[in-house]
Amino acid sequence: MAELKRQQSTSSRSNASSKRKGNGFTRKCASLVKEQRARLYILRRCATMLLCSYIQGDD
């Protein structure tokens, strides 16, 4: 009986650790997406500023 409880607790720990690994992967992907989104935002802002300065320079 005690051995059965020990096996169940061991298997529940391994399930919890595998969930954490998947969660870590998800967090890593989410942080990469967030970083790329920020880079695109900065690039878009810079392009807009350059385009506006180019258009106003024609006057």
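A word on what you're looking at. This is a predicted model, where local features need pLDDT of at least 70, side-chain atom pairs count only at pLDDT 80 or more, and totals for chains, interfaces and linings use all residues. Residues are numbered from 1 along each chain as its sequence is written, and side-chain values use heavy atoms, with hydrogens and water left out.

Helix H1 covers residues 2–57. Of the 59 residues, 0% are buried (under 20% relative accessible area; exposed is over 50%, partly exposed in between, with a 1.4 Å probe and protein chains only).

Next, pick Glu-35 and Arg-39. They form a salt bridge, with the closest N and O atoms 2.9 Å apart (the cut-off is a Lys or Arg side-chain nitrogen within 4 Å of an Asp or Glu carboxyl oxygen). The two sit about one helical turn apart because they are four residues apart in H1. Glu-35 is partly exposed, at 36% relative accessible area.

Now the cysteines. Cys-29 is partly exposed at 31%, and so is Cys-52 at 42%. The structure holds zero disulfides (cysteine sulfur pairs within 2.5 Å).
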